[in-house]
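Have a look at the structure first.

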Amino acid sequence: MDEATAVPDGPRASRGRNRGGGAGGRDPAGDAGRIEDALTAPLISAVRDLDGYGGLLYLRSHDRRSLVLTMVTGVPRSLLKSWWRVPVGGALPMTEAFRRDETLWLPDERATMIRFPRFTAGLPYSFGSAYQPVRCGGEPVGVLVVLRSAARAPMDAEAADLALRPAEREMERHLTRLAPRPPGPGPGAHEVEYDDEPVSVRLPTPAARPVRVGLFEWDLGDDRCTLDDEALALLGLRRADFRGTLADIEARVSPDDLPELRASRHDALTTGRVRYRHFRVREVSPGGEETRYRPVELWGHLVGGGGPGRLLVGALVDAAGGLTAAEAAERLPDGLFSLDQDGRLTYVNRCCEELLDCGREALLGRYPWEVISWLRDPAYEDRYRAAMLSQEQVSFLVRHPGGHWLSFVLHPDVHGLTGRVYPTGPPPGGEAGREGEPGAVPAAGGPAAAPPPGPVAAARAGALYHVVQMASVLTEAVTVRDVCRAVSEQLLPAFGARELALYTVREGRMFLLWESGYPEGFLTPFEGTTLDTQLPGVHALTTRLPLFFESPEDLSVAYPGIALDRMNAWSFLPLIASGHPVGSCILGWETPRRFSADERSALTALSGLTAQALERARLYDAESAVARGLQEGLLPHRLPSVEGLRTTGRYLPGTQGMAIGGDWYDVIRTGRGVALVIGDVEGHSVGAAAVMGQLRSAVHAFAASERPPQEVITHTNRLLADLESDAFATCCYIELDPRTGRALAVRAGHPPPLLRHPDGRSETLHLAGGVMLGVQPDSVYPVTELVLDPGSVLLLYTDGLVERPGSDIETGIDHVRRCLAETPADSVEHLADQLMRAARTARERPDDVALLLTGYR
């Protein structure tokens, strides 16, 4: 299978299959030009340096809304399918490390549970983990994750950070080469992104004893033999002592095994080939006092025509390794088996076949919980997950359908696990245990259990975890679109579905909210379907009962003539919130499917969570629409044109809570010139916007009545206090005479303005100020006189422009002041855009951002 590979630059196919990187995929130095080639070594180094057992690499998606799992090593990627794509804003350790651009160390399961309960709900296993942001050009573009056994020696956060730094720096070096900045002026951002399936990288295996193979030719007519150097070494012969006869070889073989060697001739002459003739070669110590034996196998086939000169060509194989070990395993009284990293059986001994009542050919290459009906409970697959993700021994008891008990012990490493199974007595407490507990047996494994007829859906481990995880994800989804995206990203991988459609009911009709995986145009005929239409999605909603169809025949019998696509199994789930019908959720699977009781219960529970989240999001969207309309009506649509001045304003709502706030700006003509105003009402709600509207109207009225600046602010302060709205506001009011450049400024708890001089120097205007508006009705606000020279630019702004998490406001002001000085001031529009650039591209804005820029000609 062609694994998906990230392509940081150049054209991309829709599924990311383009494997190019840089110019022509390779740089002139010959370094790896593909993501997996370039980053495999540092990923493996990070696992080694932290003494871990697994490593993950996440890179940001094209739309920057998600982190996408790009590379996996040491852990089966199938176990992490729910985490292949995670929202950047999610409460998860990898996304928090990415957002904060800081290393995060979680030494054990307890630390993870305290800080990230949702993550623990999805992966409730004992392991430690470290998260290191991966940068390119100084900006975070992904996260390096290393998983570590909690049983290892304790390590503190500083040591974990130091261990990951070399790998992070090496990744940044490769990514910077692979993903150059886009052409054109300006700094630009590196185009490091990924939107495909993760690539699996195998951790290096421990050094193993190499298998030695020697080649030979044996003339069956005269028993002359030709051996290469390795064959001579396996037989303990020196070339100088070897005369090329069969007798020389027989002298090295154990007398007890000579018949086995001679039987090779008979095999060759009668069948034309020799398969697995096993004999021992004597090895005598240099002093001659000790003899030991090396097992050797002979394989070959006959070449040449008839007659005495026929030639046997073949190989001597050193059997001291794997085959001898397999023979030893076959002699044990316990069952032994081996699973690869993904959980498929790669070896079972004879005793294991007998204990499991299943032949080797039926088992090899398959999941044991798929082949053996009494191991299909999700709890047993979860034991495998626990062993692989904790890298610790796991044991449990199972009751065989025949009534006896079996004990399973799993010994994992990063490449798979070895298991032991043997008969045992019942667990303490009697013949039956509670389902899902270690050492207990699910009810389905009782004596009366029989293999279900027909195909059964593969048990999905941790159905409860998916419910808990979905609940956690939906608590963070705010809008209807957020909810739909979360449901799609969680349900499809969790249950192996390929199609999803979410419908909402409005005015007695069904309308599509979201679809994923359907052929283009397939759902168009169903748009606006009435609630009396004979369709399963409608019936699920009107009857409030989920419908499950395990094959196309089942669906066609229930709904004759219904249009079918390429799916072969479906679930139609009603979305009911607080007794109110919200819509329907439709899931489709590619293969016929038997839905277990647990699966049906989990899907029904998830549909209820989805309905509640959609109803909440619809109310939020409706309120947001009202709020946006209110704010659009309150902010000035156009600033007045004033001779001698160039003015422009900008506003961005915060990203937390409702996308509306209390920041405002205005330009007001007065009898003495023009008033430049900016203010900020605390809060992000319709109430804050309403108070902002009242204050803006009050300031406008007081200024237009030609009151001096001090009185405008004093009267506005008293008005806000009289409103008893429990709201406070800051404000900066500057009245400027465009003819002379003289100005009078009043500041009420607001950040100080910035002034750019004609020569490009910028300074902070430390105006005398008073308390915030609405705090003290009788507050006095001093006035400061200013003089602007022609070519000056005055910047008024709210605190959202200069506040940054983890930094003080003075640092933010100084950063904006430098930007004001370094950006050309030929156009106030361009200058305003540059000043807002950092806020506009920020993933999170805790506060609203507003600015008013005035150029004095």
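The protein has 22 helices and 34 strands, taken as DSSP runs (H or I, at least four residues, for helices; E, at least two, for strands) and numbered from the N terminus. Keep in mind that this is a predicted model, where local features need pLDDT of at least 70, side-chain atom pairs count only at pLDDT 80 or more, and totals for chains, interfaces and linings use all residues. Residues are numbered from 1 along each chain as its sequence is written, and side-chain values use heavy atoms, with hydrogens and water left out.

Of the 857 residues, 51% are buried, meaning under 20% relative accessible area with a 1.4 Å probe, protein chains only. Among contacts (heavy atoms within 4.5 Å) between residues at least 6 apart in sequence, 60% join residues at least 24 apart.

Now for a helix pair:

| Helix | Residues | Residues meeting the partner |
|---|---|---|
| H21 | 809–822 | Val816, Cys819, Leu820 |
| H22 | 828–841 | Leu831, Gln834, Leu835 |

H21 and H22 pack at about 150°, their axes 10 Å apart; axes are lines fitted to C-alpha atoms over the stretch in contact, with angles from 0 to 180 degrees between N-to-C directions. The two are therefore roughly antiparallel (over 145 degrees).

Finally, Gly244 sits in the loop between H6 (229–234) and H7 (246–250). Is Gly244 buried or exposed? Gly244 counts as buried because its relative accessibility is 7%. Beyond neighbours within four places in sequence, Gly244 touches Asp223, Arg224 and Cys225.

Note on methods:
Angles under 35 degrees count as roughly parallel, over 145 as roughly antiparallel, 65 to 115 as roughly perpendicular and the rest as oblique. Buried means under 20% relative accessible area, exposed over 50%, partly exposed in between (1.4 Å probe, protein chains only).
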